[in-house]
Amino acid sequence: MAYSEKVLDHYENPRNVGSFGKDEEGVATGMVGAPACGDVMKLQIKVGKDGVIEDAKFKTYGCGSAIASSSLVTEWVKGKTINQALEIKNTEIAEELALPPVKIHCSILAEDAIKAAVADYKKKHEA
Amino acid sequence: MLKFPIYLDYSATTPVDPRVAAKMIPWLTEQFGNPASRSHAYGWDAEKAVEEARAQVAALVGADAKEIIWTSGATESNNLAIKGAARFYEGKGKHIVTVKTEHKAVLDTFRELEREGFEATYLDVQENGLIDLDVLRAALRPDTVLVSVMFVNNEIGVIQPIAEIGEICREKGIVFHVDAAQATGKVDIDLGALKVDLMSFSAHKTYGPKGIGALYVRRKPRVRLEAQMHGGGHERGLRSGTLATHQIVGMGEAFRIAREEMAAENVRIRALRDRLLNGLTSIEATYVNGDLEHRVPHNLNISFAYVEGESLIMAIKDVAVSSGSACTSASLEPSYVLRALGRNDELAHSSIRFTIGRFTTEEEIDYTVELLRSKIGKLRELSPLWEMVQEGVDLDTVQWAAH
């Protein structure tokens with residue numbers, strides 16, 4: 001399968017790989033997917049007191065498109081408020097990376113990862 | 001000097017041996033006659049070449065040349081054998097038996113026969129990929145007319161107990177077909193001793209050209225088939241169509257070389273495979289798929305846990321290999337062969353098939369081991385599963401959000 005240049009770039013040089021310390025202030029985690037399906041994404045966001053995402057990190061088990069999709073969203077969520085981050089749509093991710101139809105699920109998973117991370121943040125901070 | 005990408009996918013196809021290619025060319029340009037032309041030397045020469053090739057194919061597998069039928073490849077041979085025998089003998093019964101780890105050319109042919117009203121049994125395999133003879137015996141019924149089992153599995157390279165299965169089938173008067181596409185030049189085949197009725201062959205897995213294969217059809221005791229291709233009555237009426245002389249000559253030469261060189265070649269290839277095996281299994285959390293003892297010398301199928309197969313293939317684009325992950329297809333289903341061994345989906349997704357061949361060098365194997373070692377390290381750094389395992393999490397206890 002031929003990958004787009006953007007997918008290859010994110011795959012070869014993934015942005016923001018890693019994990020935050022579990023107890024760090026403002027950190028929330030979204031983990032989506034399943035090993036049996038061939039992809040698992042872990043997206044972590046670090047949210048400041050003003051509700052703006054200051055930093056983001058990811059780890060992904062999955063194909064090149066899954067790695068690229070999660071790498072891309074770590075760049076996109078930074079500087080956005082959590083509610084703005086929720087507006088990122090899988091179609092935008094798929095378009096940016098020029099994902100072929102069989103890889104659209106990777107972009108959906110990346111969108112789900114944002115939603116899961118934000119939900120985790122809200123659970124921790126709005127309770 | 002390494003040439004990239006390093007080709008380690010010899011079970012997908014092999015290059016045509018230069019000796020084979022040289023032998024083929026005159027039959028395209030100069031001696032182009034139709035082997036069925038009986039009225040001039042162009043035809044006679046072509047027919048002679050076809051018959052020589054038939055004898056060379058027969059010699060590799062211990063058969064009589066009269067028992068070899070030319071086809072377009074192993075897929076056609078499998079179709080002709082399975083549909084041809086099932087339809088010819090359907091008066092005796094409509095039950096047919098095969099194995100879950102067969103090639104699609106067999107499985108899909110069985111499905112087609114099921115649509116026509118046959119009843120099919122698909123046998124499970126053991127964890128090592130081999131069939132359990134007791135499971136086979138238990139599956140046979142008075143109305144079973146055909147059993148089809150592959151000689152060598154294309155994904156994991158395990159060798160099924162063909163001699164024993166042949167005894168069981170012969171005793172019960174059941175036609176036994178063997179798909180031997182992956183076996184020629186790799187294991188000794190003696191159809192004089194094996195109680196096999198039909199056997200499928202391919203040229204391009206054994207350094208011959210694509211587009212040519214053969215079907216062995218036993219004469220004593222005689223096995224009968226219903227033809228699938230009708231026309232000029234070539235190949236004793238079993239497979240009409242003008243014979244592709246150059247392809248046939250190529251297959252004959254490829255099988256001649258295999259017969260003469262396989263013993264020495266397999267020693268060399270096994271040493272390379274063991275070098276690859278030792279190098280790769282020194283990486284943490286790797287699992288060899290399929291039995292290592294009952295296995296062709298050139299195959300290594302290995303799962304690298306916590307790394308997804310397609311991303312691994314991308315990372316190791318300097319080597320041409322196959323993945324057990326079918327993530328590129330819409331189905332997202334991992335290899336059905338590895339699942340039949342009881343491998344979980346995750347390990348099936350993480351598997352790579354390396355198949356070594358005539359032109360593989362030690363330098364290529366060493367390069368491959370080092371490449372895998374470094375790329376797997378990198379991908380595991382990226383893997384949330386690896387991180388969890390390092391933290392002591394048992395992944396089987398995690399509630400995954402399936403999607």
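Q: Two residues count as in contact when their C-beta atoms, placed from the backbone, lie within 7 Å. How do I use that on chain B: among contacts between residues at least 6 apart in sequence, what share join residues at least 24 apart?
A: First, the ground rules. This is a predicted model, in which local features need pLDDT of at least 70 and side-chain atom pairs count only at pLDDT 80 or more, while totals for chains, interfaces and linings use all residues. Residues are numbered from 1 along each chain as its sequence is written, and chains are lettered from A and ligands numbered from 1 in the order in which they are written. Now the share: among contacts in chain B between residues at least 6 apart, 73% join residues at least 24 apart.

Q: How many helices and strands does chain B have?
A: Helices (H or I, at least four residues) and strands (E, at least two) are DSSP runs, numbered from the N terminus. Chain B has 13 helices and 13 strands.

Q: What does the radius of gyration say about chain B?
A: The radius is taken over C-alpha atoms, and the globule rule is 2.2 Å times the number of residues to the power 0.38. For 403 residues, a compact globule would come out near 22 Å; chain B has 22 Å, so the two agree. Along the principal axes, the C-alpha atoms of chain B fill a box of roughly 80 × 55 × 35 Å.

Q: What is a nonpolar core, and which residues touch the most other members of the largest one?
A: In soluble globular proteins, nonpolar side chains tend to be buried together. A core here is a set of buried Ala, Val, Leu, Ile, Met, Phe, Trp, Tyr and Cys residues joined through C-beta atoms within 7 Å. The largest has 152 residues, and Ala85(B) and Tyr216(B) touch the most other members. Helix 8 of chain B gives the most to this core, with 11 residues. Domain 1 and domain 2 of chain B both give residues to this core, so the core lies between them. Beyond four places in sequence, Tyr216(B) touches Val61(B), Ala63(B), Glu67(B), Ile68(B), Leu191(B), Leu198(B) and Met199(B).

Q: Where do the domains of chain B run?
A: Domain bounds come from an automatic or database domain assignment. For chain B this gives domain 1 (6-12 + 263-378) and domain 2 (18-258). Their centres, taken over C-alpha atoms, are separated by 28 Å. In the contact between them, 20 residues of domain 1 meet 21 residues of domain 2. On the domain 1 side, strand 10 (299-304) and helix 10 (336-340) are the elements that give two or more residues. By class, that side has 5 nonpolar, 11 polar and 4 charged residues. The classes are these: Ala, Val, Leu, Ile, Met, Phe, Trp, Tyr, Cys and Pro are nonpolar, Asp, Glu, Lys and Arg are charged, and the others, Gly among them, are polar.

Q: Where does UniProt place the feature "binding site"?
A: UniProt positions are given in the numbering used here, feature names are shortened, and annotations may be inferred rather than shown by experiment. The unreviewed UniProt entry lists Ala74(B), Thr75(B), Asn154(B), Gln182(B), Ser202(B), Ala203(B), His204(B) and Thr242(B). These positions are spread over 169 residues of sequence and also in space, up to 29.9 Å between C-alpha atoms.

Q: Are Gln182(B) and Thr242(B) buried or exposed?
A: Gln182(B) is buried, because it has 27 C-beta neighbours inside 10 Å. Thr242(B) is exposed, because it has 12. Gln182(B) sits in the loop between strand 6 (175-179) and strand 7 (198-202). Leaving out residues up to four places away in sequence, Gln182(B) touches Ser11(B), Phe151(B), Val152(B), Asn154(B) and Lys205(B). Thr242(B) sits in the loop between strand 8 (213-217) and helix 8 (245-281). Leaving out neighbours within four places, Thr242(B) is in contact with Asn34(B) and Ala36(B).

Q: How many residues of each chain take part in the contact between chain A and chain B?
A: Chain A gives 25 residues and chain B gives 24. Strand 1 of chain A gives the most to the chain A side, with 4 residues. That side divides into 16 nonpolar, 6 polar and 3 charged residues.

Methods:
A residue is buried if 20 or more other C-beta atoms lie within 10 Å of its own, exposed if 12 or fewer, and partly exposed in between; C-beta atoms are placed from the backbone.
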